[in-house]
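Hi,

Here is the structure I promised to pass on. Please open it alongside this email; my notes follow below.

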Amino acid sequence: MTVLFDLTPEEKLERRKYIGGSEAGKIMSGEWYDLWREKKGLQEPDDLSNVLPVQLGKWTEEFNAAWYEKQFKEPVTQRGKVMVSRSHTYMRASLDGIVGDAIWEAKHVSGFEDMDTIVQRYMPQLHHNMLCSGARRAVLSVLVGTRAFERVLVDFDSFYGETLLQMEEDFWRFMEGDDAPPNGKPAEPPAPPKEFRDVDMQGNNAWAHNAGLWLANKDGVAIFKSAEKELKALVEADVGKATGHGIVAKRDKRGLSIKEDKNGR
């Protein structure tokens with residue numbers, strides 16, 4: 001018997017710990033209350049095992065990747081790679097794949113909507129995944145019913161990304177407390193200004209303070225990144241943890257990270 005895709009109890013429990021790409025749309029559309037209840041364990045998430053479009057999209061994802069590679073001669077790599085935002089660790093993305101320097105997202109749609117509408121529907125998920133991965137570009141790989149296949153390139157929109165990031169921050173503050181959030185109106189990402197203006201910040205004290213810090217530490221950042229790269233190169237592939245001289249390097253499913261070893265030597 002074929003088993004349809006649904007979350008296991010363990011996966012449901014794990015998803016309560018973070019915001020995923022598929023939930024970014026709910027946050028942008030103001031559907032906070034039910035999402036908050038799910039993540040607090042007060043209600044079960046929707047059962048998607050009998051939702052035909054969801055199941056069809058999952059079953060055709062493998063074909064989507066193969067067809068994309070055949071049409072565009074680009075390999076789809078790192079399928080299912082999990083990315084966690086460095087600055088907001090409650091933001092996580094499970095990528096359909098990566099092509100070049102862009103994230104790759106597979107979709108199977110009915111074909112009754114124009115492509116602009118489809119792209120806008122997935123804009124929150126694409127930007128969430130770009131925020132988590134650090135990518136500045138996304139590829140939407142779309143099977144349109146059984147009649148067409150389209151590739152849409154989406155560049156990171158800083159105005160949209162800032163709006164999404166702020167809304168996810170606001171939502172997560174409710175997760176850290178006990179008060180339930182209200183449902184809100186769908187967010188309208190701010191339109192970029194038609195013209196950019198020049199300003200002189202010479203008289204701004206906050207600007208002066210932080211500009212001084214930036215100038216004083218910019219060389220240190222380059223040295224830090226170079227040292228981190230060299231340290232990672234010293235950790236052999238079969239090493240899960242390396243310590244010494246005040247730092248610890250640990251390897252997990254997200255890769256190799258280096259932190260200060262406060263308990264070491």
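**Helix crossing and other notes**

Helix H2 crosses helix H6 in a right-handed sense. Keep in mind that this is a predicted model.

H2 covers residues 21-28 and H6 covers residues 115-133. Their axes come within 7 Å. The crossing angle is roughly 125°.

Which residues make the contact? On the H2 side they are Gly21, Ser22, Ala24, Gly25 and Met28. H6 contributes Pro124, Gln125, His128 and Asn129. Sorted by class, the H2 contact with H6 holds six polar residues and three nonpolar ones. No charged residue takes part in this contact.

Next, Lys81. This residue lies in the loop between helix H5 (61-72) and strand S1 (82-84). Is Lys81 buried, exposed or partly exposed? Its relative accessibility is 23%. Buried would need under 20%, and exposed over 50%, so Lys81 counts as partly exposed. Lys81 also pairs up in space with Leu95: the two are 14 residues apart in sequence, and their C-alpha atoms are 5.3 Å apart.

Last, confidence. The chain averages a pLDDT of 87. Of the residues, 93% score at least 70. Strand S3 (residues 97-99) has the highest confidence, at a mean of 96. Strand S9 (residues 255-260) has the lowest, at 81. Where pLDDT is low, predicted coordinates should not be read in detail.

Best wishes

Key: Residues numbered from 1 in each chain as written. Predicted model: local features only at pLDDT ≥ 70, side-chain atom pairs only at ≥ 80, totals over all residues. Heavy atoms only, no water. pLDDT = per-residue confidence, 0-100. Helix = DSSP H or I, 4+ residues; strand = E, 2+ residues; numbered from the N terminus. Axes fitted to C-alpha atoms, helices over the stretch in contact; angles between N-to-C directions. Left-handed = near helix turned anticlockwise from the far one by under 90°. Contact = heavy atoms within 4.5 Å. Nonpolar A, V, L, I, M, F, W, Y, C, P; charged D, E, K, R; others polar. Buried < 20%, exposed > 50% of the residue type's maximum accessible area, 1.4 Å probe, protein only.
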